[in-house]
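Biologist: Please take me through this model. I would like to begin with how its elements are assigned.

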Amino acid sequence: NAEYMGEVVGADDEVTSFVVVSLRLSMGGAQSVASTSLGGYIQSQYDLVKAADQPFLTVKQAMTLTPPRDYPLDFSHVATLWVIDSNKDGRFTAEELMAFGDYCCQVSKHIRTHEFQIQVQAACTVTMWNALARTDGEDAFTEWFTTVMKENGPISQVADYPGVDFLGRDTVGTLYEMLNARRVYGIDLQGFFDLMQQVGEEMGIMDIENESLDDIVPVVVVKQFCRDFIRGFRQMMKEVQLHELPTINATST
């Protein structure tokens, strides 16, 4: 979590304080990029990675989007994905990407090009933190993250464990990347997968000796990992007192 936070905060050595220069997210109200060359690029990227039989992108597909050269972005950044998915249904639509493109255009008018990615990630992080700071923030984020994973799917069931939903190795790999698990947990993907299966066994909802479960993990375990992640994130944000940091209005002219 500390390294993840390092993407959006920095320590001032002289005053030993943390500083974030963030931009208020205001997606909407400005002229849409939909009819511009940027809008055309967004649509072409969306069409390129979207499966033909679905009207949205899964998170794994969204993470493969290539941003325009003038708008460098990390689509595996959790807070960025949180902001893009405006209705929090775990699906990433062309309309949501266009709205985020509108916001990026606003931001680009107020900062230097080399600062673009760090400032957008900082703004998204502040927006996500504001949501998490609410009474139901932890539950809301956990439900959203779990929904994102379930939409990435597919979900399967096993006869020996009625009522338990499972997700496959591919989705666990997506979770691994989103959580920066190599850095946070210090383990490779296989180790992460094994850890999740061990947790499932400890919870009494799977048997790792059962060969039919070799490539799946229970959804409830994924949900627990998401909750643990956000608790660590909230603690980090409290430690740097992000709620007291300044905000720049990206919609001002």
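Predicted model: local features only at pLDDT ≥ 70, side-chain atom pairs only at ≥ 80, totals over all residues.

Biologist: How many helices and strands does the protein chain have?

Modeller: The protein chain has eleven helices and seven strands. Of its 253 residues, 48% count as buried, where buried means under 20% relative accessible area, exposed over 50% and partly exposed in between, with a 1.4 Å probe and protein chains only.

Biologist: What share of the contacts comes from residues 24 or more positions apart?

Modeller: They account for 66% of the contacts with a separation of 6 or more. Contact here means heavy atoms within 4.5 Å.

Biologist: Which residues of α7 are buried, and what covers them?

Modeller: The buried residues include Phe141, Trp144, Phe145, Val148 and Met149, together with Gly137 and Asn152. Their cover includes α3 (59-62), α4 (78-84), α6 (116-132), β5 (165-168), α8 (169-178) and α11 (219-239).

Biologist: Which residues have the most contacts in the largest nonpolar core?

Modeller: Phe141 and Phe145 do, in a core of 70 residues. Helix α11 gives the most to this core, with nine residues. Such a core is a set of buried Ala, Val, Leu, Ile, Met, Phe, Trp, Tyr and Cys residues joined through side-chain atoms within 4.5 Å. In soluble globular proteins, nonpolar side chains tend to be buried together.

Biologist: What is Phe141 in contact with, apart from its neighbours in sequence?

Modeller: With neighbours within four places left aside, Phe141 is in contact with Val78, Trp82, Met128, Leu132, Cys226, Phe229 and Ile230. Cys226, Phe229 and Ile230 are among the buried residues of α11. That helix has 21 residues and reaches 31 Å from its first C-alpha to its last, close to the 30 Å expected.

Biologist: What backbone features follow α7?

Modeller: Gly153, just after the helix, takes a positive phi of about 35°. A cis peptide bond then joins Gly153 and Pro154, with omega about 0°. Pro154 is in the loop between α7 and β4 (155-157).

Biologist: Which residues have a positive phi without being glycine?

Modeller: Lys88, with phi near 55°, is one of them. Lys88 is found in the loop between α4 and α5, and is partly exposed because its relative accessible area is 27%. Asn180, with phi of about 50°, is another. Asn180 lies in the loop between α8 and α9 (181-185), and is buried, with a relative accessible area of 18%.

Biologist: New topic. How many cavities of 30 Å³ or more does the structure hold?

Modeller: The structure holds one. The largest cavity has a volume of about 170 Å³. A cavity is a set of points on a 1 Å grid over the protein atoms alone where a 1.4 Å probe fits but cannot get out, and lining residues have an atom within 4 Å of a point. The volume is the space filled by probe spheres set on the points, which are joined across faces, edges and corners.

Biologist: What lines the largest cavity?

Modeller: It is lined by 15 residues, and Ile42, Pro68, Leu73, Phe75 and Leu97 lie nearest its centre. The elements giving two or more residues to this lining are α2 (37-49) and α5 (94-108).

Methods. Residues numbered from 1 in each chain as written. Heavy atoms only, no water. Helix = DSSP H or I, 4+ residues; strand = E, 2+ residues; numbered from the N terminus. 1 Å grid on protein atoms, 1.4 Å probe; cavity = no way out; pocket = protein on both sides within 12 Å on 5 of 7 lines; lining within 4 Å. Expected span 1.5 Å × (residues − 1).
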